[in-house]
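Hi,

Here is the structure I promised to pass on. Have a look at it first, and then read my notes below.

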Amino acid sequence: MDSDTDYAFPALVAARLLLASAPLPDALKYDQQLSSPLTSYSRLREGIYLFQHGVDPYSGGAFRHSPLLLSLFSTVLPLTPYTSPLLWTAADAVAAWALVRIWRLRTGAKKTSRDRQIAALYLLNPYIFLPSLALSTSSIENMLCLLALMFACRGRTSASLLSLATLLQLSLPSILLLAPVLLLNITRPVSRLALPQPMDAPLKRVIPLIVEFLGYSALLTFASTLVCGNWSWVEKTWGASLTLPDLTPNPGLWWYFFTEMFDHFRPFFLMVFSVHLLIYVAPLCIKFQHDMLYAAFLLIGVLAVFKPYPTLSDPGLFLSMFSIFPEIYPYLRHPIVTALIHLHASLLLPLFNSLWLRQGTGNANFFYASTLVFGMGNGAALLDAIWAGLRIAIGELKEGYEVAQE
Amino acid sequence: MRWRGCWRAGFLLALHLVAASAQGEVFEEDLTLRPLRDGKLEARFSFATVLKGATPRDPGALTIDDEAQHYTLFPLALGQILREHAVTELHLTLNAGKWNYDHWGYPEEPGVGTGAELWVWMADTSPSSVDERWQGLRHSLAGLFCASLGHLDDQRTTSPVLTFQPEGSLPNFTHPHQLRHATLPSEHVCTENLTPFLKLLPCKSLSGIASLLNPHRLFDADWHGLGVHVRYREGAGVEVRLAFQAVFDPVRYSHNMRRDWSLRSVFDRTIERACPVARSSKVRIELPSETSYAITPGPTDVVNNVATFAIDSGKEALDISMQWPEEGSFEYQDTSKAPPLTDISVRRNLEGTSQAEARLTLELTNNLPVQVSAGYLETMPWHLQFYLHTLRAYIGGAPRDDLVNIISYSPPVPHSRPALLQAVLTLPPHATLHLTMDVSKPFLRYTEHPPDAQRGWDLPPAVVVPFAFGDLPNSNGTAAGEPPSGSPQTQQRAFAQGRRPRRMYTPVMLVDLATPDFSMPYNVIIMSCTLIALIFGSVFNLLTRRFVVVEVDARPEKQTAADDAR
């Protein structure tokens, strides 16, 4: 069994590399489910091209990636048709390794029999590997998120806060993960869902961590401003998540809502949708203070449903992380319904997108309806995870008794 | 009594003329007719008024009252607009149709882009900036010409200085001049625009060459466009030139498919009287190269293949006609065998069947045996997002990216600014250069779609300016003396000499963007909000309600409350 575990991970990575270097149709690069305007590879290349030719890439509306990615890919790591698949497969491999490490830290074991399955569930999840094949930078965001969680589980506060600060530079909605990562740094990741207790670590220990995180964020913001030369990148990258200037369709709920919104109400509803994301942080962190990793997992689920510019990577990360919480499986109420809704939506999304935009036989409502179904599927998964995480505390019941809520 | 009336009118007229010449206003009108090789007839009306000794208004002096301007022949409405906004040079064209460069050659007036095109050179100043005056100017001109020029707002305005150089001179004000250029390809031209245009002429359409401007015939032409050009010529003054260009098809009007034409047959009018305030009033016909034609009446003089008719007052009505008596019905040339009449031919297309992305292709053919350098300008509104890193150039399938040199690019800003691409393309002799670039189509808000949303958006024409013909001469090539005739150098010099940079406009394109369902704003809002509220409510239900263990046997009095999930 040891030899199997040793070979499984490299075999999976090799399989992914093979898939990435196969000649895939370019349609994958422009697919709207796999990359959003904030993560699209062709926009990244356009920004790097303009940057290298002396045009400010943030003076237009095409390039919305962080200046850190701009400087990274224009100086250290060039993006060519050969190096890009390697880089993205490497990002996914690091993310899978981080997930396996989180699992090991959670169970406290050095090697377990489930490591292979967890790595496979991450690397072979279509929601994860398809955006990675499309070279969407959401794979890099997933990697940074898992690295932040892994370092927090290990107790390496600086590394986890640095990863989170970098993730914040790439994607503003990940600010939701700040609270659980901070609290995870001061608690243990061991599973305590079944034994809920109030948090045993003093909250005062969070304050230096907050200061450290703010310091890292300020440093990276300053570095981004140095790369750019001015502050115009803030409005184009972070501001895009708040003002939604680009209404390209994606599997989320925001784009069609704000396409059909009248100008008079736009600012109000943009504010409502953004604040709505923030509402979930405190209740979930308080309710699951005994198991902050689970709170982080649930907030990743919230992001998957309600993020402004999601791709398939975000629900992909949420679904893959189910694999590190096997204790809740018996308590999930409707896993098959969720799986079937996901299957339904994942088949309909590309079909209706193509019918609307490429064949012209459908209209925007078809794709919008499939995003609603997808949202329902993700919401059902989130609700089931919350229920199971709470239900596990009650434990096994005798015959003839059931748990309800009043 | 009638004699006395005539004498009085003549006396007033003489006073007018004296006053006008004392003021320094000169009015000249000109009609150029050119038969084209496919049986069509190009007509160009030009009405020029020069205000001698005048200079454009200094925008720095906009806060103080302007000195009184007295115009006799110079159009008052236009003059007031020019001084109100301190405009130095202005060019406005309103065109309809597609100018066929290959078969009609270069137009007399270079601005043949379809729709409305307005470009001005204005000096910058601190109290009111160029952009404020640009907006005021657009609205004033929209009111004057009954055209929707107010739509030429920030979403269509750029500053392509390399292509639209000033045609006059720019006076030396404290701040430098700036260019503002905007096009509206979907603007239509009709009688509503011609009527105020004619009102700007001294003689209106009552006498002189302007009496030929019959809207029924003009707007029936294959191509027609009117233009207003204002420029400042140092030493001469401010010149306003009103132009009308049209391409008629006499073969279509005639009963028996003949290309004979006359002023009566083309315009349904003749020139009855000369305009009394015009210093010169001429009709010029460019004579075709074959000799089997006949012109009546006899021209005043013929110089260099151009027959000139001077319009004098007092003679009978002038009706010029040109016939081809030996020709039966006109035979059209085989267009595939007819050589193009311009130095380069341009074709621009948008390829692709998806409403999310497309490919812009440009095909330039060099018809000369020497190398040609051409400037390429694209002012594309944000309805097409360029991906400049995908710009590729091919000649015959082989990649030649070295032939494209991008001078400047400013990317488009959604909902705000158009893209501006200025490049120099080098075309080898007798070669066809293919440019392709990936573009993506944006998704507009509900309120941004026009009323007929499924029609699509008109995209403005690209402007190509061939400016250099032949290679630059080598420094160590020719020693003393002229190179032998017939050598490549003399050939290139010959090509470079006769040609000046002239703008060529591609046809406009139509892009269809994906539309949302316009009947559904309320439904979308409620359905999305329902889903969000459903999930929100369920999450908070689960988080805030107490868990209770309930017995499901038939013993309802036994209920125990377990500890919470805390």
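In strand β10 of chain B, Glu28(B) has Ser280(B) as its bridge partner. That bridge belongs to a set of six joining β1 (residues 25–35) to β10 (residues 280–286) of chain B, and the two strands run parallel. Strands pair if DSSP finds at least two bridges between them; helices (H or I, at least four residues) and strands (E, at least two) are DSSP runs, numbered from the N terminus.

Before you go further: this is a predicted model, where local features need pLDDT of at least 70 and side-chain atom pairs need 80 or more, while totals for chains, interfaces and linings use all residues. Residues are numbered from 1 along each chain as its sequence is written, chains are lettered from A and ligands numbered from 1 in the order written, and side-chain values use heavy atoms, with hydrogens and water left out.

Back to β10(B): five bridges also join it to β13 (residues 306–310) of chain B, this time antiparallel. There, Ile285(B) is partnered by Ala307(B).

Glu28(B) turns up again in a salt bridge with Arg279(B), with the closest N and O atoms 2.7 Å apart. (A salt bridge is a side-chain nitrogen of Lys or Arg within 4 Å of a carboxyl oxygen of Asp or Glu.) Arg279(B) sits in the loop between α8 (263–267) and β10, and Glu28(B) in β1, so the pair ties together parts of chain B that are 251 residues apart in sequence. Arg279(B) is exposed at 58% relative accessibility, whereas Glu28(B) is partly exposed at 29%. The cut-offs are under 20% relative accessible area for buried, over 50% for exposed and partly exposed in between (1.4 Å probe, protein chains only).

In chain A, Asp92(A) and Arg16(A) form a salt bridge at 2.4 Å, N to O, and both are buried.

Now for the two chains together. 56 residues of chain B are in contact with 67 residues of chain A, contact being heavy atoms within 4.5 Å. The buried area is about 5,900 Å², with carbon and sulfur atoms giving 65%; it is the accessible area (1.4 Å probe) that two parts lose on being put together, summed over both. The count of salt bridges between the chains is one, and it pairs Glu357(B) with Arg358(A) at 2.8 Å between the closest N and O atoms.

The chains also share strand pairing: β1 (residues 401–405) of chain A and β28(B) run antiparallel over five bridges, with Val548(B) as the partner of Ala404(A).

Cheers
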